[in-house]
Amino acid sequence: MSVIIILIILALVIAGGFLAAFLWAVNNGQYDDTQGAAIRMLLEDPEEHKRD
Amino acid sequence: MASLTATTCYHCGQPCADKLIAQDGHVFCCTGCRAVYGILAQAQLCNYYELQQAPGRPAASHQRFAWLDQPELLSRVADLVTPARVSLNMQVPAMHCASCIWVLEHLDRLLPGIIDSRVSFVEKQINVAFNPQLVSASQVASTLASIGYEPVVAGAPDQEAAAHKRQMRGIVARIGVTGFCAGNIMLMAFPEYLGIDADVTPALREIFAWLNLALSLPVVLFGASEYFMGAVTALRTRRMSLDVPLALGIATLFLRSVYETLTQTGPGFYDALAGLVLFLLAGRWVQRRTFGSLRFDTRLQQYFPIAACQINEDGAEKYVPLDQLVPGDRLRIRNQELIPADGLLQSAAALIDYSFVTGEAQPVPVNQGERVFAGGRLQTGFAEVVVERALDSGRFSRLWNHQAFRKQGRQRFALRLEGVFSKYFTAFTIALALGAGGSWLALGQVDNAWGAFTAVLIVACPCALSLAMPFAMQAAMHSLAQLGVFAKNAQAMTELAGINHLVFDKTGTLTHAGAGSFSYHGTRVSDMEALVASVARHSSHPLSRALAEGLPRPQQWAAVSHLDELPGQGLRAVARGRHIRLGSADFCGAPAMVANATQVMPEAAAEANGSRVYVSIDGLPMGYYELQPQWRPGLAEMAAGLKKMGLGISILSGDNAAQAPVLRELFGSDTELHFHAQPEEKLAAVEALERAGKTVAMAGDGMNDAGAFAAASLGLAIKDDFGSFSPASDVIIEGRRLPQLHLVLAYARRAYNNVAFSFLISLVFNAIALWFAVTAQLSAPIAALLMPLGSITVVLTATGLTWLAGQRLVKTVNQHAQTLAASAPVTEEEKPAPAAETIQ
């Protein structure tokens, strides 16, 4: 049962890695504009027309 | 001929009045909109129209961005300048929908040379990266302008926005860390929740407790750091703030939990602690975002009701709003006017008073070709200035809000309520927490004591006070700005509600500044009209403006020098070698003339109910211009409305008493009238009223009665064309809005009442929540949830009610204005029209 300690520590380390990634994303400005991203993902490129 | 159906423009959605411009099967209201459509169609960007109906804005006039091509200036505004790539941030206020994002991020199709463009929708900013060898910065900006997205390039990095961004990022990071810790703490607290028997592995309980303690450290040290620092600041400056009870609550939970872990007397409250901090941070983030966007909108849409007189190439003059000035514009500045932008002096040497900007009372002589700075007041004559750098809204707002114009003295109406409340609220909260905790302890219930203590500290929220007032007032200012009423700041807006006496100036305030007919009595000299017009146009006094506008434009303007304006007396200058004086009878040496006139032309004396501007050339009085005042419509109704609100009215005029009967008819016989009032007398009258305990608003020009303006509690500048600006004014009102003044003041009172009402709601909310907290029925995390919910509700209620009332006011005022216009007597300009029709 004491293996649970090792599992918890391991889980915390892995989760900590994700937390670090999150903090990097915040610093990189990815959370500054929460509305633009929501709109941008729904925009489509129109089909390319044949140009003369 | 196309039928006049209600067609709307495909691009901007405005109704196409009489012109229908068609292309590709679509209809446009003007060539501007059609041009934008053409540009987009050519670049295969018509998806713009698919994403949203009529996404465009009506085309604005073309602006020049040539200054962006100067390397020193460009390097100051761009964030990256290399030979192959320049990265430039621009503000695009016109961005408002999905279509906007789409077209702005596909700029490379529009203008080859643009490498990339990225939009930040919330901040309404675009970052454009382009190749400087293929395309220039001014081309990029012009392209944006040509498709309807007029860019604003900031002169200096926006400190406020950068600080706001850093703050928001800090909160998001803290939420992430606190959430991470809270989730894991709660996982480890599971055995406690589920009541699992510790006998199986007794060491586990201890290990989990220590792990929880370790996880709570980032929460307390990083997540809650803002609250602790805020509390320390508050204690150091001896000013109570909300952070103090919150920091106390967090510290209590933490210390108690550590104590329990160390002495192994219990599992501690780590989950409650982490949950508490998480909800507090989340609440603060939502608050800042909501309030940040409210503030943001007001800042960008701030109407600057100031216009500068721009001279274009052929010498014609036009008033251009301050925020549309660009480097290279030529401006005419009149005597006593403020210089609206940094630039170079083109005309002869001038004397400039920079006391508004630097505080120095000594005017500074500036020679031709030297630099002049925005905010300086022209002391002598007139000037022509070429704009070098336009005044951005932030700088202008700072000028208007300068320390020099803060009214000292009496405790302002607005602050009284706020000050009393906030000072005592936090102290009361702490006292209540201690009392509740102590009572439970006395009853022997330790757990409840802790619970009550922390819950009281956390849930009590005086936010309504510091937040509801400014936000509701900003909503009010926004609505009023749509009507042409501009308040300097939220405080000025609040003061409007506390007015109980109005003092009106007559000329230019109750009468139109420019319009009205005039006649000349006296001897005429050959080029007298040209001389008078040339001199008068350099003054900002309403009578001078009336003369300058009414007299025919001379073949050639006379060169004017040695211009000097004496308040209360008149204007003197040298033109074409002759000394010209315009002004009062005494100033022009014409008292004898007055007596003569009455004898020689008795009928003229009988009709002497206008304002008189005497003229003297080289010391000899020539005659006078009699200007018939044109009263603004609807004054009687306005006066009645004001009286019904309980406002006292006085009228001060520097003119003669000829208009007394008219004024008495409009304002009632019980209104105080003063005539022949020199500026000192106006000041004395206002001071007397203030000393008598009244809160006075002075409605006037702001320029010629500046002293009285400053002495009054509130200065209302009534402007017809915004050419001149007095920073000592608290509220600027468009002249056409004066007849609806009573509606505006009633609205100001309603806005204030909304705020007071929101205080009441906040009190009720606090009372209920505190009841639950004191009786130990409120857990810390729930308290943390309720607190921001309460404050947001209160603030949004106050702001929402005020904004709704504001929109209703806009409708009412517009209707009122329409009925006034419909019932107005036919003016001079309308007469030619019927004649034209009969010819056809």
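**A close look at one threonine**

Mentor: Searching the whole structure gives 0 disulfides over all chains, a disulfide being a pair of cysteine sulfur atoms within 2.5 Å. This is a predicted model, where local features need pLDDT of at least 70 and side-chain atom pairs count only at pLDDT 80 or more, while totals for chains, interfaces and linings use all residues. Residues are numbered from 1 along each chain as its sequence is written, chains are lettered from A and ligands numbered from 1 in the order in which they are written, and side-chain values use heavy atoms, leaving out hydrogens and water.

Now to the threonine itself: Thr261(B) belongs to helix 11 of chain B, which covers residues 243-262 (helices are DSSP runs of H or I with at least four residues, numbered from the N terminus). Because its relative accessibility is 4%, Thr261(B) counts as buried too. From there, the side chain of Thr261(B) reaches the backbone oxygen of Ser257(B) at 2.9 Å. If we leave aside residues up to four places away in sequence, Thr261(B) touches Ala209(B), Trp210(B) and Leu213(B), together with Gly266(B) and Tyr270(B), where contact means heavy atoms within 4.5 Å. To put the picture together, Thr261(B) is a buried residue of helix 11 of chain B, with its side chain reaching Ser257(B) and with Trp210(B) and Tyr270(B) among the residues that it touches.

How values were computed
Helix = DSSP H or I, 4+ residues; strand = E, 2+ residues; numbered from the N terminus. Buried < 20%, exposed > 50% of the residue type's maximum accessible area, 1.4 Å probe, protein only. Polar contact = N/O pair within 3.5 Å; in protein donor to acceptor, adjacent residues only side chain to side chain.
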